[in-house]
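Subject: Handover of a structure, with notes

Dear colleague,

I am passing a structure on to you, and I would be glad if you could look through it with the notes below at hand.

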Amino acid sequence: MDSILVRGNGPLNGVIPIAGAKNACLTLMPATLLSEGPLTLTNAPRLSDIRTMTTLLQSLGAEVSSLQDGKVLAMSSHNLSNLTADYDIVRKMRASFLVLGPMLARAGQAVVSLPGGCAIGARPVDLHLMAMEALGADLELREGYVHAKAPKGLTGAVIEFPFVSVGATENAVMAATLAKGTTVLRRAAREPEIVDLVRCLRKMGAQIEGEGTDTITIEGVDRLTGATHPVVTDRIELGTYMLAPAICGGEVEFLGGRIDLVSAFCEKLDAAGVSVEETERGLKVKRRNGRVSAVDVVTEPFPGFPTDLQAQMMALLCTAEGVSVLEEKIFENRFMHAPELLRMGARIEVHGGQATVTGVEKLRGARVMATDLRASVSLILAALAAEGETVVSRVYHLDRGYERVEEKLGACGALIERVSG
Ligand code: UD1
């Protein structure tokens with residue numbers, strides 16, 4: 001199993017290109033199942049999660065070709081030869097569940113494995129199932145699989161989600177594009193990845209309004225066509241790397257960065273003493289003074305502070321002057337990075353969904369273990385600012401969501417290498 005070796009090495013300076021969003025790509029890819037026409041995604045990120053979705057779509061009969069070194073995904077779902085999403089693929093990645101809505105809408109039936117447990121909490125799929133039932137599907141749970149049927153097709157409905165779910169909104173939007181009549185989704189997720197999905201579906205001929213607000217209205221159509229669509233910038237990769245000059249000093253420009261994707265995060269950076277400036281090519285980040293100041297953070301659905309940046313923000317706050325409180329409101333059990341950061345000399349106390357972080361002047365290198373995708377990169381950020389050497393093991397988590405981490409940080413002067421074994 002590979003590990004990443006980091007030697008803390010002072011300020012970072014340079015330019016980091018930001019890739020297309022993993023989470024947008026993972027919902028855009030299943031949209032191919034809605035149409036016989038070809039769907040081509042440009043600006044795709046090169047990640048193991050994208051390869052997992054490729055394998056899943058291919059298992060269903062879709063053709064997926066990775067072109068231009070993986071930056072372009074050319075897909076076509078002329079025939080859906082298999083309508084079962086197998087446990088062996090779905091258990092690797094929860095986003096696999098996003099094939100349910102499209103398959104059901106196009107073929108009138110689908111069998112999808114339940115995703116099962118996950119390191120950052122129980123993460124059920126009840127809202128996805130509620131939405132499919134509201135659209136007229138008959139559901140049965142047997143042997144770990146959801147068996148969904150709508151022999152006469154889906155029918156539009158008003159669906160009010162009890163709370164915001166990104167995945168359930170995506171599944172419902174895709175399913176409703178081919179349903180008969182009008183669907184209204186209330187308390188819909190407003191994430192940029194949803195906006196990106198809707199823009200792509202619209203190019204495919206779908207009739208949708210209200211993306212980016214909490215009410216999305218979909219007028220069902222008989223069929224969708226092919227389209228070509230560029231994947232939106234990855235706001236989580238962007239926010240993660242913006243923390244590198246914040247934690248180490250120096251000045252880094254992020255190509256493709258957009259403030260509107262990370263505004264709540266930028267407000268917290270500003271309060272901590274980190275300046276973010278818009279440039280012609282993206283965003284430029286540097287610390288205003290020496291050490292950053294403590295800030296309190298509460299994770300919320302978009303446009304609030306993203307849960308997917310909580311672990312990385314904690315790494316920064318471990319080195320801040322003063323006491324910060326981080327409250328995790330989206331997932332239970334999402335502080336697994338805290339005990340690893342403690343091994344690096346951090347001072348953190350976790351009580352339920354709250355972590356209190358007392359900043360220390362210096363973190364120290366240590367052997368640590370990645371426990372999930374965002375936790376793994378928070379340890380790398382901490383390591384960049386630590387004295388001595390850090391070895392982060394189990395980096396397969398990292399490869400799910402970050403392409404070429406060593407290259408991107410190395411180009412700005414970080415001493416970081418991958419050790420195979
Ligand atoms: C997506 C993102 C993930 C991010 C999360 C929240 C993808 C591939 N992943 O995950 O990186 O951390 O949004 O921004 O886009 N829930 C239920 N029942 C459901 C669905 C969700 O109880 O049927 C709960 C979850 O356990 C969680 C909360 O709702 O506590 C929000 O989850 P959701 O927004 O659905 O996250 P995902 O779409 O899985």
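This is a predicted model: local features need pLDDT of at least 70, side-chain atom pairs count only at pLDDT 80 or more; totals for chains, interfaces and linings use all residues.

Residues are numbered from 1 along each chain as its sequence is written, and side-chain values use heavy atoms, with hydrogens and water left out.

I begin with the ligand. It is surrounded by 19 residues, of which the closest are Asp126, Leu127, Ser165, Asp308 and Ile330; a residue counts as near a molecule or strand if one of its heavy atoms lies within 4 Å of it. Some polar contacts (pairs of N or O atoms within 3.5 Å; within protein, one must be able to donate a hydrogen and the other to accept it, and residues adjacent in sequence count only if both atoms are side-chain atoms) can be listed here. The side chain of Asp126 places an N or O atom 2.5 Å from a nitrogen atom of the ligand, and the side chain of Ser165 has an N or O atom 2.6 Å from an oxygen atom of the ligand. Val166 takes part through its backbone, where an N or O atom lies 2.8 Å from an oxygen atom of the ligand.

On a 1 Å grid over the protein atoms alone, a cavity is a set of points where a 1.4 Å probe fits but cannot get out, whereas a pocket is an open set with protein on both sides within 12 Å along at least five of seven lines, and lining residues have an atom within 4 Å of a point. Grid points are joined across faces, edges and corners, and a volume is the space filled by probe spheres set on the points. The second largest pocket has a volume of about 260 Å³, and of the 16 residues that line this pocket, the closest to its centre are Ala105, Leu178, Val221, Asp222 and Arg223. Its lining divides into 7 nonpolar, 4 polar and 5 charged residues, where Ala, Val, Leu, Ile, Met, Phe, Trp, Tyr, Cys and Pro count as nonpolar, Asp, Glu, Lys and Arg as charged, and the others, Gly among them, as polar.

Most residues other than glycine have a negative phi, and most peptide bonds are trans. Pro303 lies in the loop between strand 18 (297-298) and helix 10. All of helix 10 (residues 310-317), 8 of the 8 residues, is buried (under 20% relative accessible area, with exposed over 50% and partly exposed in between; 1.4 Å probe, protein chains only), so this helix is largely enclosed by the rest of the structure.

Another backbone detail is Asn43, which has a positive phi of about 60° although it is not a glycine, and which lies in the loop between strand 3 (39-42) and helix 2 (48-59). Arg394 likewise has a positive phi of about 60°, and lies in the loop between strand 23 (389-393) and helix 13 (396-401).

Finally, a search of the whole structure finds 23 salt bridges, each being a side-chain nitrogen of Lys or Arg within 4 Å of a carboxyl oxygen of Asp or Glu. One of them joins the side chains of Asp2 and Arg418 (3.4 Å, N to O), and this pair links distant parts of the chain, 416 residues apart, with Asp2 in the segment before strand 1 (3-7) and Arg418 in strand 24 (residues 415-419). Asp2 is partly exposed, at 27% relative accessible area, and Arg418 is partly exposed at 26%. Arg46, Asp69, Glu237, Glu403, Arg404 and Lys408 are linked in a network of salt bridges.

With best wishes

Definitions and conventions:
Helices (H or I, at least four residues) and strands (E, at least two) are DSSP runs, numbered from the N terminus.
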